[in-house]
Amino acid sequence: METIDNYDYYGCGFRVILHKVPVTIVNGEKCPEIRFEELENHILLGLLYAPFKLTGEHIKFIRIKLHMNSSQFGKFLNKTHATILTWEKAGENSTNMTDDTESMLRLKVLNNVFGPDYLPAGFEKIKKPKSKKAEILEFDPFNEEFLEG
């Protein structure tokens with residue numbers, strides 16, 4: 001099976017690099033064979049456990065993944081609608097939320113989506129964010145659970 005070594009996926013509103021992605025040829029173009037809903041769930045987990053600060057794009061993705069508008073997300077996090085909008089307006093930059101707020105957000109979303117005791121394999125060691133600079137999620141090698149069929 002043919003693969004793409006590095007595939008830039010922007011379906012979440014920000015860049016995620018996928019490695020060794022299986023492809024099929026459709027009308028002469030390489031098309032990734034991915035179950036996008038499962039991939040986005042994995043990306044959500046990646047963000048919740050990521051060792052870097054969340055960006056405005058990440059916050060918007062998380063909110064949309066939870067099927068909430070900004071008011072609902074604000075109530076969920078005990079923050080104002082305006083705070084959520086301010087975070088999201090940061091775009092590709094860090095939201096500049098406090099470490100405590102970001103930890104609370106990650107834990108509440110993790111608990112809400114996956115349950116209180118969920119810890120996926122490979123996420124045992126989480127490092128404290130070192131900078132406010134946005135990082136890019138990368139998945140390598142490409143996990144077969146996202147393949148079609």
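Axes are lines fitted to C-alpha atoms, for helices over the stretch in contact, and angles between them run from 0 to 180 degrees between N-to-C directions. The views below are of a predicted model.

**View 1. Crossing of helix 2 and helix 4 in the predicted model.** Helix 2 spans residues 56-65 and helix 4 spans residues 81-89. Their axes come within 6 Å and cross at roughly 125°, which means that helix 2 is oblique to helix 4. Helix 2 contributes Gly-56, Ile-59, Lys-60 and Arg-63 to the contact, and helix 4 contributes Ile-84, Trp-87 and Glu-88. Sorted by class, the residues of this contact are three nonpolar, one polar and three charged.

View 2. With a relative accessible area of 10%, Arg-106 is buried, because the cut-off for buried is under 20%. Its side chain reaches the backbone oxygen of Leu-48 at 3.4 Å. Leaving aside residues up to four places away in sequence, Arg-106 touches Leu-47, Leu-48, Tyr-49, Ala-50, Phe-52, Lys-53 and Leu-54.

**View 3. Cys-12 and its accessibility.** Cys-12 has a relative accessible area of 7% and is therefore buried. A search of the whole structure finds zero disulfides. A disulfide is a covalent bond between the sulfur atoms of two cysteines.

**View 4. Cys-31 and its accessibility.** Cys-31 has a relative accessible area of 27%, so Cys-31 is partly exposed. The search that finds zero disulfides takes in the whole structure.

Notes
Residues numbered from 1 in each chain as written. Predicted model: local features only at pLDDT ≥ 70, side-chain atom pairs only at ≥ 80, totals over all residues. Heavy atoms only, no water. Helix = DSSP H or I, 4+ residues; strand = E, 2+ residues; numbered from the N terminus. Parallel < 35°, antiparallel > 145°, perpendicular 65-115°, else oblique. Contact = heavy atoms within 4.5 Å. Nonpolar A, V, L, I, M, F, W, Y, C, P; charged D, E, K, R; others polar. Buried < 20%, exposed > 50% of the residue type's maximum accessible area, 1.4 Å probe, protein only. Polar contact = N/O pair within 3.5 Å; in protein donor to acceptor, adjacent residues only side chain to side chain. Disulfide = S-S within 2.5 Å.
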